[in-house]
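User: Hi! Could you walk me through some features of this structure, one question at a time?

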Amino acid sequence: MLQPEDDRRYLKLAYREESEKLADVIRHIEEKRLSLEGQMPAKAAHQEAANKIQEVLQANADSLYSALDQPYFGRLDYFRKDRADADAEPPDDEPNGARSPLQTIYLGIVHIPGKDVFSWTSPVGKLWYTQSYEDGYTAPRGYIPTRVDLKRYIRIRDSKLESLNDTFRRQLPAPSTAGQDVLKEAVSGVGRDDGHLQVIVETIEPDQYENIANVSDKALIVQGAAGSGKSEIGLHRIAYLLSPFNEISESERPTPSTTLFVGPSQAFIEYAADILPTLGVQEHVDQVRFSDWLIGCLSKRTTVRPKIWKNLLAEGEMTLYDEGAETFKGSLAMADAIGRHVAETAVAIRKRCLRLPLEIPGVDSVRVSKDLIRSTVNALLRSSARGQRLNRLRENFIDRVARSVQSTAPGRLQADRRERERRRTETRAAVASWCSRAWKHLDFKDEYAALLSNSERMARLAGTDVPAELAKSAARRGFDDADLGALAYLDHLLNDTIARRYRHVVVDEAQDISPIEFKLIAASSTNNWFTVLGDTAQRLTPYRGVRGWRDLERVFGRSEIEVQRARRSYRSTRQITEFNNRILRTFDKNIPAPIPFDREGHRVEYSRYRNITEMSEGVIEDIERVRSLEGLEDAVVAILVRDRANLNRFRKFCGERGIGDIDLVDQMRHSDSRTVLARISDVKGLEYDGVIVMGVNESFTDTLFNKKLLYLATTRAKHYLGIHWSGQQSPILKAVSDRGISRYRG
């Protein structure tokens, strides 16, 4: 048994060894960068070739530059079992004696050739993330079984070695908690540097790595608890699948231009903007909030009002709208009805076209052949194409008939170019007018409204009963957000608005996206490769979204879906997570509660005031008081309110008091300020060192929506959570009261 002095001697030697290794790698990087820069600007016989060479040289130089700050984060020593028996010491003829590892490699974000520094996405990287030390990895030449002897976490910042921590070693066993200590340090960060989502390659847990490196399940769904790292999994999976160092074949690997990340808000997109470049993805990846993507799918401008959401937020439940009717609009039954409606419309169009007159008004001395009409319509509306792109097919039909008419028009050969062009324009206009008798351009908004208003036909097309209130919703002027998915789906069937271009689509905060909207996302994919991230406990809209992930089996295919659960919450302290779980249990006892990560913190604080003004003053005082707590000196603090009225009231208070250092966060804007103000619904996916939830009084009524809204607010907190109200306490708080710190002011 080795003594403590042996351990100290071991660590001293290890630090010297790693310092020398780091200096050597830094020197190598600088030399390679200078060499690459000396080859630029690139020259070649043709400019196009020179440009491509320049791109490669610049990309390599940029990659090396990004590695200077932290060339690697971990070291692995391991034996290959095909050369050393798992239960035996290595043979004496191994280099440097029996105790020397057969392989020593380092892992980082960037692959550095010649220095044994491998990308975390390479096959051998699996050894860093696996729980077993008797494992292996799959290389191009096949599976290689291994026995790990050392895992060493190496903290490097600004090209300097700050610390090292052996999370596993055989020679001198490391403390059993060493790995958790590294993770605890990583998730305990406080301050402005944590104002954006963080790269977690150093501390990816084994279950997270399995999801990130999963290349066999095409539709991977991660049901993740608040703070479980869902977003990080999605973004790291993008980087993994794009990496040239993994085992995915070139023909199947996505590219940046064929990858889409869908987020819940523009604020979240900005919050997560640094992840992919930091992970070495330098080329542009489409990142868009879902509502913008969906509206962008429409063929023409459509106004969609958020009246249902406003009613829900104002009342805490839907009082002016029927939940069943609004939910039906986003269902797969609605998608079925729309698809059958378009198919039946195509059949009717074909019949009407066959009855079109052979004379075209406005075109003299030309008759259209009945065979031409029949063959053209049959070709365009054959069974395989029926119900798809009807408006585009209509334009195709007009063009074919117009070309036939022009080819037989008298005097066409004698006319000059300008005259021929004039005749073509007039002929096409005449054919379009003639075609409209049987095949008019279909407006998706008119078609949708007409479909909603006919309950009997809707039920027949859907193949199921439909809510009685559905027809009444058609009588409302304009469209609401519950209509958007169905409108976009009908528009796509009529106008082919969504191009199949993506090899990998990541959808974050997916619980509020309805099944019909998922069908539209699926339509953008070339290979049905999806990563879907969400938490049904955080689903705010009862009239949109998915109740369970199996709702998507018909979208992605039953055999394609793989649902994984991520229950451990790394974001919040144990005290905050346990408090959040009590809120969760008030509205859903079936969802497995998040498991707190072993990190202690401050107890939840409650503050009651006599009136709103005193509450606002108390919140301002508490912001600095929070930063006086141990470990929270540089904390980023968010003040969260229920609705816009509360937000505007507090902003007015701050303006009157000359308080100008509190920045606003909303759906369209993230902020790096130390103190921010936002509505609860606008911070979905975001997190803050400290959270003050303001105005949790009797207006926060005991409804399912309000419980979920409060749950969303409290799960944003990492280290500190305070709840403030004036007047009567919310009945939700009474139901979840714990031994938190209570302060009554006035």
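Analyst: Happy to! Two strands pair if DSSP finds at least two bridges between them. Keep in mind that this is a predicted model.

User: Which residue in β12 stands opposite threonine 259?

Analyst: Let's begin with the strands themselves. β8 covers residues 259–263, and β8 pairs with strand β12 (residues 504–507) in the parallel sense over four bridges. Across from threonine 259 in that pairing stands histidine 504.

User: And which residue in β9 does glycine 263 stand opposite?

Analyst: Strand β9 spans residues 286–289 and runs parallel to β8, with four bridges joining the two. Opposite glycine 263 stands arginine 289.

User: What is the angle between the planes of phenylalanine 261 and phenylalanine 268?

Analyst: The structure holds 20 aromatic pairs. One of them joins phenylalanine 261 and phenylalanine 268, 6.3 Å centre to centre; both residues are buried. Planes under 30 degrees apart count as stacked, and this pair is stacked, with an angle of 20°.

User: How far is lysine 218 from the ring centre of tryptophan 529?

Analyst: A charge sits over a ring only if NZ of Lys is within 6 Å of the ring centre and within 35 degrees of the ring normal. Lysine 218 lies over the face of tryptophan 529, and its distance from the ring centre is 3.9 Å.

Definitions and conventions. Residues are numbered from 1 along each chain as its sequence is written. This is a predicted model: local features need pLDDT of at least 70, side-chain atom pairs count only at pLDDT 80 or more; totals for chains, interfaces and linings use all residues. Side-chain values use heavy atoms; hydrogens and water are left out. Rings of Phe, Tyr and Trp (its six-membered ring) pair if their centres lie within 6.5 Å; planes under 30 degrees apart count as stacked, over 60 as edge-to-face and the rest as tilted. Buried means under 20% relative accessible area, exposed over 50%, partly exposed in between (1.4 Å probe, protein chains only).
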